[in-house]
Amino acid sequence: MLLLMIERGMPIDMVLAADTGMEFPEMYRHWDQVEQYLYHKRGLKLTILRHPKGFEWLMFDQPKERQSFIDLRNKLGVPLYGNGWPSMKVRWCTGQLKTHLIDKEVSRLKKEYQILHYVGIAADEPERIKGEQYPLVDWGITEAQALQICYDRGFDWGGLYEIYHRCSCWCCPLQRID
């Protein structure tokens, strides 16, 4: 999406990404490549958001404060801290380490500026659309087409998409077993 926005001359003032702290090394190198391109084309750097305490604190040490959580954990005989490994049904990681951080930053920016928030969801992911601006959807570009556009322009995530269906955290419970 970003590449096409630049090519189409669309205004871009900031590019946000969320670092869970559990990314593959290839993803960090990819972000460096994107930032170099973005700086060359628009004089901008990536804004990388990170949870102040990180994945491991959330997984092992975050104290439970809501009484319903405390009661349930006491009933089950499990510790009153940490979220444990993320799972298919309990994806605390996506919310805490990605979407909440981005939403919080976008809300902060909306108080200071009149902004449009573009999200890189593709045309074949309609269930993920939630009211922001989705250029790939507007342009009718699917995930596969978007990936090919990136490959055609030299962005290959260090080969991660040749191994994985999605470039998620290395420990993502949603990653396909194959």
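Which side chains meet in a salt bridge at 3.2 Å, N to O? The pair is R166 and E143, a salt bridge being a side-chain nitrogen of Lys or Arg within 4 Å of a carboxyl oxygen of Asp or Glu. R166 sits in the segment after α8, while E143 belongs to helix α7 (residues 143-152), so this pair ties together parts that are 23 residues apart in sequence. Helices (H or I, at least four residues) and strands (E, at least two) are DSSP runs, numbered from the N terminus.

A quick word on the ground rules. This is a predicted model, where local features need pLDDT of at least 70 and side-chain atom pairs count only at pLDDT 80 or more, while totals for chains, interfaces and linings use all residues. Residues are numbered from 1 along each chain as its sequence is written, and side-chain values use heavy atoms, with hydrogens and water left out.

Back to R166, which has another partner. E125 forms a salt bridge with R166, the closest N and O atoms being 3.0 Å apart. That pair links distant parts of the chain, 41 residues apart: E125 is in the loop between α5 and α6 (135-139), and R166 is in the segment after α8. As for accessibility, buried means under 20% relative accessible area, exposed over 50%, and partly exposed in between (1.4 Å probe, protein chains only). E125 counts as buried because its relative accessibility is 3%, whereas R166, at 33%, is partly exposed. E143 is partly exposed too, at 29%. Salt bridges that share partners join E125, R128, E143 and R166 into one network.

The count of salt bridges comes to 7. One of them pairs the side chains of R108 and E105 at 2.7 Å, N to O. Both residues lie in helix α5 (residues 92-112), 3 residues apart, or about one turn of the helix. E105 is buried at 15% relative accessibility, while R108 is partly exposed at 36%.

Leaving out residues up to four places away in sequence, Q175 touches Y164, H165, R166 and S168, where contact means heavy atoms within 4.5 Å. Q175 is buried, with a relative accessible area of 18%.

Next come the nonpolar cores, each a set of buried Ala, Val, Leu, Ile, Met, Phe, Trp, Tyr and Cys residues joined through side-chain atoms within 4.5 Å. The largest has 20 residues, of which L2, I12, V15, L38, L46 and W157 touch the most other members. At least two residues of this core come from each of α1 (2-7), β1 (15-18) and α2 (25-42). Neighbours within four places in sequence aside, L38 is in contact with L2, I6, V15, G43, L44, K45 and L46. A second, separate core of 9 residues includes F55, C93, L97 and C169.

Finally, the cysteines. A search of the whole structure finds 0 disulfides, a disulfide being a pair of cysteine sulfur atoms within 2.5 Å. For C171, the nearest cysteine sulfur is that of C169, 5.5 Å away. C171 is buried, at 15% relative accessibility. C172 is in no disulfide either, with the nearest cysteine sulfur, that of C93, 6.2 Å away.
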